Amino acid sequence: CEQLGKRYVFDGEVINGDFYGTRAVKKKAGNNADGAQFHVFDMIALDQWKDGHTAPFGERRSTLKRAFHHVESDVLQRVASIKVQQNDITWEALEEAREDFIDAGEKGLIIRLDEPYNFKTRSSLFKFKKMQEGDFMILEIRDGKEGKKYADTAAKVLVDLGDGASCEVGIEGDMAFRAHLWKNRAKYAGMMCEVHYQEMTKNLEGVPKLLFGIMKKIRHDKS
């Protein structure tokens, strides 16, 4: 970055349309894709990146703003941000901010903690998007692959989307609940369940899918 006299690493993700569109473009075109957008979440000085110790996010965010402050381009889009003191953070405030961003055409919030960059996990970055919910018929309860965490217990639920379409969704629940589902899988096939999901989309073959679908509970009242 010539304006700041240092070299930096940009952290973000490449987006091209929806979730499955992005996967398709990435698989076919690699990093050379027409219409793709790079959403920048962070900017870390290269020396700090190599050292493994960085400044807090607030400082890195200020550096990112300075780097593009004088840049005017049709391909550069700045996204609004809100700085909130930790003591002022409530679930209601987060939901209100999320709705404001959705009304402005965004898909939700990205919440960043004012911490050094976490090289091991993404625990200091949280995506807070609005989830939809719906009731779907259980077609099958499936176990995990051999050697995996949920082998020989309930790992996924195959639900009916109608018109001959179906998809797998995850399960919210502890190991005891999963074991119960797996033991009684024949009983639950054909019953209704409540699923929370981000959106209904289509995969590369045009088959409907529930994006980030999670089964929350069995709907005994509707079965």
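**Close-up 1. Arg60 and the residues that it touches in the predicted model.** Leaving out residues up to four places away in sequence, Arg60 touches Asp42, Met43, Ile44, Thr54, Ala55, Arg112, Glu115, Pro116 and Tyr117. Arg60 itself is found in helix H3, which covers residues 57-67. Its relative accessibility is 4%, and Arg60 therefore counts as buried, since that word is used for residues under 20% relative accessible area.

**Close-up 2. A nonpolar patch on the surface, formed by Phe10, Val14, Phe38 and Val40.** Together, these four residues have about 320 Å² of accessible area. Two strands each supply at least two residues of the nonpolar patch, namely strand E1, which spans residues 8-15, and strand E2, which spans residues 37-45. One of the patch residues, Val14, lies in strand E1. With a relative accessible area of 43%, Val14 is described as partly exposed, because this value falls between the limit of 20% for buried residues and the limit of 50% for exposed ones.

Close-up 3. Although Ile102 and Lys130 are 28 residues apart along the chain, their C-alpha atoms are separated by 8.6 Å. Ile102 has a relative accessibility of 25% and so counts as partly exposed.

How values were computed:
Residues are numbered from 1 along each chain as its sequence is written. This is a predicted model: local features need pLDDT of at least 70, side-chain atom pairs count only at pLDDT 80 or more; totals for chains, interfaces and linings use all residues. Side-chain values use heavy atoms; hydrogens and water are left out. Patches are made of residues with over 30% relative accessible area and no salt bridge: like charges are joined within 9 Å, nonpolar side chains (Val, Leu, Ile, Met, Phe, Trp, Tyr) within 5 Å. Accessible areas come from the Shrake-Rupley method with a 1.4 Å probe; for residues, only the protein chains shown count as cover. A salt bridge is a side-chain nitrogen of Lys or Arg within 4 Å of a carboxyl oxygen of Asp or Glu. Helices (H or I, at least four residues) and strands (E, at least two) are DSSP runs, numbered from the N terminus. Buried means under 20% relative accessible area, exposed over 50%, partly exposed in between (1.4 Å probe, protein chains only). Contact means heavy atoms within 4.5 Å.
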